[in-house]
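This report walks through a two-chain model, from whole chains down to single residues. Keep the structure open while you read.

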Amino acid sequence: MSETRPGGRLPVTVIGGYLGAGKTTLVNRLLRAADGQRLAVLVNDFGATPIDRDLIVSSAGDTLEISGGCICCSYGSDLMDVLMALPERQPDIERVVIETSGVALPGMVASAVTLLLPYRIDGIVVMVDVETVRTMAEDAYLGDTITRQLGAADLVVANRCDLVDGASLQQTLAWLATENPAARILPATRAEIAPDLLLGLRDGALPRLSATLTTPGAPDAASLYASLELDVPEDIDVAELGRRLSAPGTGVLRAKGILGEVALHVVGRRFEIDAAPADAKPGRLVVIGLRARLDRRAVEQALQPRLSTSLRSA
Amino acid sequence: MTSSPITIFRARRILTMNPARPEATHVAVREGRILGAGPLEELAGWGAYTLDDSFADKVLMPGFVEGHSHAAEGTFWRYTYLGRFDRMDPEGKVWPGAESIEDVVARLQEAERKLATPTEALAGWGLDPIYYGDRRVVRADFDRVSTTRAVGVMHASGHIFNVNSRALELAGLLRQGVNHPGIPLGDDGLPTGELKGPEAMTIVGAHVGFDREALANDEAGLRRFARLCVRQGVTTATDLANLLPDDAVSMMARVTGEAGFPVRIVSFRRFQALTPEQVVDMAVKLKAKSTDRLRLGAIKLFVDGSIQGFSARLRWPGYYNGAPNGLWYTPPEAISGLYRLALQKGVLVHSHTNGDQATEMALDCLEGALLDQPARDHRFTLQHCQLADAAQFRRMARLGMCANLFPNHHFYWGDQHCETTVGPERAMRMNACATALASGVPLAIHSDAPVTPLGPLFTAWGAVNRRTASGRVLGTTECISVADALRTITLGAAWTLKLDGEVGSIECGKRADFAVLEDDPLEIAPEKLKDVRIWGTVQGGRLFPANGA
């Protein structure tokens, strides 16, 4: 299954969710936090997704050049065409972020991306507005679209937490957990999440956490997230490690392990095995999660060999 | 005093669609427009004239108006036709329907032998395997055509490709581990060669010659489309979902402006990748570029997908076979925003809705927009609108909406709708032309060419007879009269395009656009309406015989 190529395939993050959930805010945050990583951000349309003006260096047709070497393209109904042309048009791109239209099903978008060899799905992030999502899920027209979007998420960003009181927030988070029990749920305000969760963990260093958390009253980044860096035994079964880290209950939001020739990428409930980057240091696993949720023991246990047949047959 | 010459055409019968004078024997034409239809002695009052007897044994009708077609039909004829039913190409050659998968393969083999280079792709269209039993078309079938060149065939629905192994290989899909709902796998774990849905199709499209660049801005295709229009008696045809980039607009303006171009093309800008503000602004600017034979400035919106592709949005209880509900193509906020702004700026919007839930959504959005922005004569039209029920037609009437229904579906996919997609009861109310008329909804009917063949008389036959390919009649209560059907393919469609003051009937002041028929559609048996022979057209007073000059 893991067809590996030198340097690995281009990771693709799919960001879904209905209008007003905060997708645009998140995209702008990612562009600001790219920190030298060259992103290609593909948006359905420029009109509905204004990129912050100060980020734009120049524009030509359907492509904006963003400061820091990133680009932003609008794709309309031609996502596949844009993706097929991208590696040739922008050979130095390191990561792709797709913002889907409000009514698109991100699971279907991700499944289409897997048909293209240069890419792998890094994660499906679905944003919801905690104030409205349960009403939307009951809407005669849109309800099934909302729940299908949620069902496809590896990571649910429960956004706009500042707009609801504590009790109803807890109810909504519990409801989200029943809609997609395997996904990780990340409460957020103004789409403020650690950019590393979506942009990847850097080699050899503990992750950068959220660059700025500016919402008054919000907890600061250091207290919100916890990270772990661990040695990985050489003989580990990578697929089994991926399954364990992505299983419900570990609290792992993202993990990256370089294990010999391959890299393990975990985003929420999804894991992928790909070729290791050329300059990566093997034998290390980096994990981040919410401080309140990350289960250090579960992560450590995931690294232990287990006497099970599934381990060998994987 | 004018010096422009007057021609008076004498005909066996002229069906004018003008209720004050429904029939005539002569029509007088000056400067490409109609002076009048009536007896010769009355028309002689306009002054000196030339009497033209070319149509003395023919029947004239107002030139047909195709309210939902795509100029891509002209493009597709560059590929090999592989449909189940006979179809006439732009040159008038009738390609017989393919009777079996063997027959399809044989035709591809024949086309393959004519290709010059060993690697050139081979493309076909119109395939409809539901007529060949349960056996699916697989890549091994087309590997018998070639293993060195990519072979790809688009299904009649436009939603599926079948390709050979080479095409899969070029697209990077001839591998293990492909995991996509639109790509079935064989026992060997490799794709079978069937590719469903736009994403899977796009990946192989370029390798088999169906790439976007080949389809956009196709001058030769536009000319072929025009020739098809002449053969079918069409003098005004929509090109209903074009992105209309500048170079395509220039090409279309140049080609349609040529003295010998026989059709008025009404091209709608597709609402895609733009905000309502942007697309309305673009429509207003495009409108200013309109000419007599190229009408621009209207917008096409997609609300949902297709019924046979299970991507249409249905209300409860959904699909008959239990398939999950379809997809929204545009969020309701964008639909409402577009409607409101378009009403404000006087821009015409036609909305594709197939499922009844999509229709309901469009009605809700328009009702809300009209409260904000009252408009007395908007003529917003629901295109396809196949599953609308009686209550929805009544609502459409109250909101001033038009419907352009799709009776050709009954013939091509009616059996499938009955057995699989929507079940017998709703299949009987699909494309409810009689209910639309009884509810007072302005009605047009269409082919959606190239999905089904361009041919308003065939479409009219479909609305009159509602007969499926297997011979079922789906919903006799929704059959309409021949007279009503003829009105929908002329004045009815013209109304939805806001062109009913210019075309759609033969009366003083209108364009001299005629369908010239060998047989009388009011005399021929209704079940033979599709067999009416067509001589050609007159457009803007110019004669266009179907079989060359």
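## Burial and overall build

Of the 549 residues of chain B, 58% count as buried. A residue is buried if 20 or more other C-beta atoms lie within 10 Å of its own, exposed if 12 or fewer, and partly exposed in between, with C-beta atoms placed from the backbone. In chain A, buried residues make up 47% of the 314 residues. This is a predicted model: local features need pLDDT of at least 70, side-chain atom pairs count only at pLDDT 80 or more, and totals for chains, interfaces and linings use all residues. Residues are numbered from 1 along each chain as its sequence is written, while chains are lettered from A and ligands numbered from 1 in the order in which they are written.

Chain B holds 18 helices and 23 strands. Helices (H or I, at least four residues) and strands (E, at least two) are DSSP runs, numbered from the N terminus. The radius of gyration of chain B is 23 Å, close to the 24 Å that the globule rule gives for 549 residues, so chain B is as compact as a globular protein of that length. That radius is taken over C-alpha atoms, and the globule rule is 2.2 Å times the number of residues to the power 0.38. Along its principal axes, the C-alpha trace of chain B spans about 80 × 55 × 45 Å.

Chain A has eleven helices and 14 strands. Contacts in both chains can be sorted by sequence separation. Two residues are in contact if their C-beta atoms, placed from the backbone, lie within 7 Å. Among contacts with a separation of 6 or more, residues 24 or more positions apart account for 71% in chain B. For chain A the corresponding share is 73%.

## Domains of chain B

Chain B is divided into domain 1 (80-209) and domain 2 (215-539). These bounds come from an automatic or database domain assignment. The C-alpha centres of the two domains lie 29 Å apart. Nine residues from domain 1 of chain B and eleven residues from domain 2 of chain B make the contact. The domain 1 side divides into four nonpolar, four polar and one charged. Here Ala, Val, Leu, Ile, Met, Phe, Trp, Tyr, Cys and Pro count as nonpolar, Asp, Glu, Lys and Arg as charged, and the others, Gly among them, as polar.

## Where the chains meet

Chain B puts 25 residues in contact with 22 residues of chain A. On the chain B side, the elements giving two or more residues are helix H6 (197-205), helix H11 (332-345) and helix H12 (356-372). H6(B) gives the most, with four residues. The chain B side divides into twelve nonpolar, ten polar and three charged.

## A helix crossing

Helix H14 (residues 408-421) of chain B packs against helix H17 (residues 456-465) of chain B at an angle of about 65°, with their axes 6 Å apart. Axes are lines fitted to C-alpha atoms, for helices over the stretch in contact, and angles run from 0 to 180 degrees between N-to-C directions. H14(B) and H17(B) are therefore roughly perpendicular. That label covers 65 to 115 degrees; angles under 35 count as roughly parallel, over 145 as roughly antiparallel, and the rest as oblique.

H14(B) contributes Asn408(B), His410(B) and Phe411(B), and H17(B) contributes Phe458(B), Thr459(B) and Gly462(B). The contact has two nonpolar, four polar and no charged residues.

## Two buried residues

Phe406(B) sits in the loop between strand E19 (402-405) and H14 of chain B. Phe406(B) is buried, with 27 other C-beta atoms within 10 Å. Beyond residues up to four places away in sequence, Phe406(B) touches His384(B), Gln386(B), Asn431(B), His446(B) and Asp448(B).

Ala283(B) is in helix H10 (residues 276-287) of chain B. Ala283(B) is buried too, with 24 other C-beta atoms within 10 Å. Its C-alpha atom is 9.0 Å from that of Leu348(B), 65 residues apart along the chain.

## Backbone exceptions

Most residues other than glycine have a negative phi, and most peptide bonds are trans. Asp448(B) has a positive phi near 55°. Asp448(B) lies in the loop between E20 and H17 of chain B, and counts as buried with 24 C-beta neighbours inside 10 Å. Glu31(B) also has a positive phi, of about 50°, but is exposed, with 12 other C-beta atoms within 10 Å.

A cis peptide bond joins Trp316(B) and Pro317(B), with omega about 5°. The bond from Ala449(B) to Pro450(B) is cis, with omega near 10°.
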